[in-house]
Amino acid sequence: MGCYRGAAGGRQEALRRVHVIAHFGPRAGGVSWGMESVDFHTAKALLEWQIELGVDECIADTPVNRYELPDKLAKPARADAKPHLTRGPVAEVMRDAVAEAQSAAQGAGTLAELRAAMEAFDLCDLKRGARNLVFCDGIAGAPVMIVGEAPGREEDRLGRPFVGAAGQLLDKMFGAIGMGRTNADAPVYIANTLPWRPPQNRDPKPEEIAMMTPFLKRHIELANPKVLVIMGNWACVALLGKRGITRLRGDWTQAVDRPALPMCHPAYLMRMPEAKKDAWADLLLVKAAVET
């Protein structure tokens with residue numbers, strides 16, 4: 001006797017076939033019941049009995065080998081190795097967010113106005129999980145502006161960039177060439193690529209960098225440093241459109257219409273102390289550029 005899945009749709013189909021068999025014979029509808037004759041009520045009772053037992057599969061006329069492989073396996077669809085936001089509604093939302101960021105950034109005529117514009121910008125999801133906007137530290141108008149990557153836990157807590165362990169190393173590095181964020185004679189000014197901390201210090205997402213880069217570039221224009229120090233890969237992505245800090249470091253380039261020097265992030269130097277000799281060479285380049 002055939003049996004069907006216990007779902008409502010399966011039961012309805014089974015009852016329909018019971019009606020057909022009761023009126024036109026046990027082999028009607030392409031189903032063999034294994035009986036010479038059966039009345040409707042008997043067939044219905046047998047069907048309900050099987051359903052009550054938990055039967056949930058059909059018995060076919062021929063066996064099915066579910067372990068048999070097809071002659072050719074379908075190739076899985078190739079995932080995009082470099083997912084991007086170029087089409088569809090997500091791309092439209094991104095373009096709108098970047099356009100709004102550009103408009104808000106260009107509308108700021110002072111650093112205070114830029115900070116207010118960033119605080120009012122609600123299209124970056126990082127803002128919802130952060131404690132504080134991390135805007136800047138140091139002395140505005142300093143000849144050297146350092147651009148970091150994103151705030152960590154301590155930066156998020158205090159609302160200032162580079163105040164954790166990496167920030168302490170940064171202060172020692174620039175202190176070694178006579179510069180510092182509180183040094184009135186040789187000051188530095190510090191900002192980040194992203195003003196809000198990513199959850200669990202994860203890497204920034206491309207859309208987050210794209211949204212906040214207009215604010216960063218306007219920040220640089222208003223601070224107007226003589227040279228930029230671009231700290232780490234994500235700052236290079238935002239300002240240079242490329243990454244690979246170990247290849248980029250030590251070579252002067254241009255960003256926002258001024259000389260820019262990529263350097264390894266202090267957090268990287270803490271993990272790779274052997275790279276500190278290269279960082280020292282980069283610091284001497286910065287000092288020479290400011291003094292000339």
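This tour visits the core and then the cavities.

This is a predicted model, in which local features need pLDDT of at least 70, side-chain atom pairs count only at pLDDT 80 or more, and totals for chains, interfaces and linings use all residues. Residues are numbered from 1 along each chain as its sequence is written, and side-chain values use heavy atoms, with hydrogens and water left out.

**Stop 1: the core.** Select Val-144, Ile-146, Met-173, Phe-174, Met-212 and Phe-215, the residues with the most contacts inside the largest nonpolar core, which has 66 residues. Such a core is a set of buried Ala, Val, Leu, Ile, Met, Phe, Trp, Tyr and Cys residues joined through side-chain atoms within 4.5 Å; buried means under 20% relative accessible area with a 1.4 Å probe, protein chains only. Now colour helix 8 (residues 206–223), which gives this core its largest share, seven residues. Helices here are DSSP runs of H or I with at least four residues, and strands are runs of E with at least two, numbered from the N terminus.

**Stop 2: the largest cavity.** A cavity is a set of points on a 1 Å grid over the protein atoms alone where a 1.4 Å probe fits but cannot get out; lining residues have an atom within 4 Å of a point. Stay with helix 8, which gives the most to this lining, four residues. Select Met-212, Phe-215 and His-219, which are among the lining residues.

**Stop 3: the second largest cavity.** Finish on helix 7, which gives the most here, with four residues.

Notes: Buried means under 20% relative accessible area, exposed over 50%, partly exposed in between (1.4 Å probe, protein chains only). On a 1 Å grid over the protein atoms alone, a cavity is a set of points where a 1.4 Å probe fits but cannot get out, and a pocket is an open set with protein on both sides within 12 Å along at least five of seven lines; lining residues have an atom within 4 Å of a point.
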